[in-house]
Amino acid sequence: MEKVKIIIAGPRGRMGREAVQLINNVEKFELVAVVDRKHGGLKLSDLEGFPSIDVPVYTDFELCLQEAKADVLIELTTPEVGMYHAKTALNYNVRPVVGTTGFTKTDLEELESLCEEKELGCIIAPNFAIGAVLMMKFSQMAAKYFNDVEIIEMHHNQKLDAPSGTAVKTADMISEVREAKKQGHPNEKETMPGARGAEFEGIRIHSVRLPGLVAHQQVMFGAEGQTLLVRHDSYHRGSFMSGVKVAVETVMKIDRFVYGLENILE
Ligand code: NAP
């Protein structure tokens with residue numbers, strides 16, 4: 001059996017470390033190189049926390065692509081460098097699986113057209129937790145019947161982007177089925193800016209950032225005399241890895257752009 005050869009960008013990060021472990025534990029996956037902005041020229045085993053993982057570390061991503069001969073890039077860094085990594089990987093016929101969040105609509109459109117041009121798979125998943133994908137799907141189901149909804153996403157205080165990619169994706173999925181509506185009192189006034197949160201097509205999104213949290217989201221629906229709460233909690237970054245595994249397996253079989261794990265789960 002031919003193994004899937006994988007490069008990880010961001011191996012020292014919290015997600016990257018879990019992804020290295022995942023690849024180590026899956027027989028049909030092989031880590032061939034990592035991309036790290038500080039430790040080019042070393043072996044991964046030279047870095048703290050990776051005993052016996054003897055793959056080269058690159059800072060120069062193009063050199064990494066030229067030398068490592070990979071099938072898939074798992075990208076877990078920041079949106080700025082993540083976009084460069086995903087585009088460059090496609091140009092080298094390497095299929096990106098991107099967990100990095102904070103990409104703009106324009107970024108996504110650019111990647112989609114590059115995938116079409118190269119006829120290569122690319123999966124962007126703002127949330128790899130399968131429970132979170134179900135939370136989004138259940139919210140979309142509920143939105144057919146409840147068109148008043150607010151999203152409260154809660155993350156650790158080191159997260160750079162707000163609102164979270166999952167919250168935006170949830171609002172987007174809800175707005176596909178929800179009757180358009182501006183919520184709250186028509187004359188409502190914020191006496192402190194931001195009190196009512198961000199707005200996506202009339203849906204309010206609130207972002208909480210606290211140490212101790214990992215990734216959590218609740219979607220609250222309200223109607224006459226009742227509320228409905230759909231909630232998902234990721235307590236540990238290991239919760240994302242079953243989704244990363246499915247995405248790597250799937251990206252090898254497709255030749256198109258996919259945004260959101262829900263579009264590849266059967
Ligand atoms: P993290 O712990 O801060 O790790 C980010 C890693 O990226 C660090 O190792 C960092 O290196 C590296 N990095 C930053 N800039 C870089 C650059 N210019 N070149 C190469 N490497 C660079 O963050 P995390 O929690 O692992 O999250 C990583 C990304 O995944 C974020 O965008 C986060 O929102 C997203 N995320 C996605 C999911 C999902 O399910 N899709 C779940 C959780 C998180 P330094 O140490 O040198 O800064």
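Modeller: Let's start with Met141, which counts as exposed because its relative accessibility is 53% (buried means under 20% relative accessible area, exposed over 50%, partly exposed in between, with a 1.4 Å probe and protein chains only). This is a predicted model, in which local features need pLDDT of at least 70 and side-chain atom pairs count only at pLDDT 80 or more, while totals for chains, interfaces and linings use all residues. Residues are numbered from 1 along each chain as its sequence is written, and side-chain values use heavy atoms, leaving out hydrogens and water.

Met141 sits in helix H5 (residues 130–143); helices are DSSP runs of H or I with at least four residues, strands are runs of E with at least two, and both are numbered from the N terminus. Together with Leu134 and Phe138, Met141 forms a nonpolar surface patch with about 300 Å² of accessible area. Patch members have over 30% relative accessible area and no salt bridge; like charges are joined within 9 Å, and nonpolar side chains (Val, Leu, Ile, Met, Phe, Trp, Tyr) within 5 Å. A salt bridge puts a side-chain nitrogen of Lys or Arg within 4 Å of a carboxyl oxygen of Asp or Glu. The areas come from the Shrake-Rupley method with a 1.4 Å probe, and for residues only the protein chains shown count as cover.

Now for a contrast. Is Arg196 buried or exposed? Arg196 is buried, because its relative accessible area is 18%. This residue lies in the loop between helix H6 (165–177) and strand S8 (198–200). Its side chain makes polar contacts with the side chains of Glu150, at 2.9 Å, and Glu188, at 3.0 Å. A polar contact is a pair of N or O atoms within 3.5 Å; within protein, one must be able to donate a hydrogen and the other to accept it, and residues adjacent in sequence count only if both atoms are side-chain atoms.

Asp36 is buried too, because its relative accessibility is 4%. Asp36 belongs to the loop between strand S2 (29–35) and strand S3 (57–58). A polar atom of its side chain lies 2.8 Å from the backbone nitrogen of Lys38, and the backbone nitrogen of His39 lies 3.3 Å from a polar atom of that side chain. Leaving out residues up to four places away in sequence, Asp36 touches Pro11, Arg12, Val57, Tyr58 and Thr59, where contact means heavy atoms within 4.5 Å.
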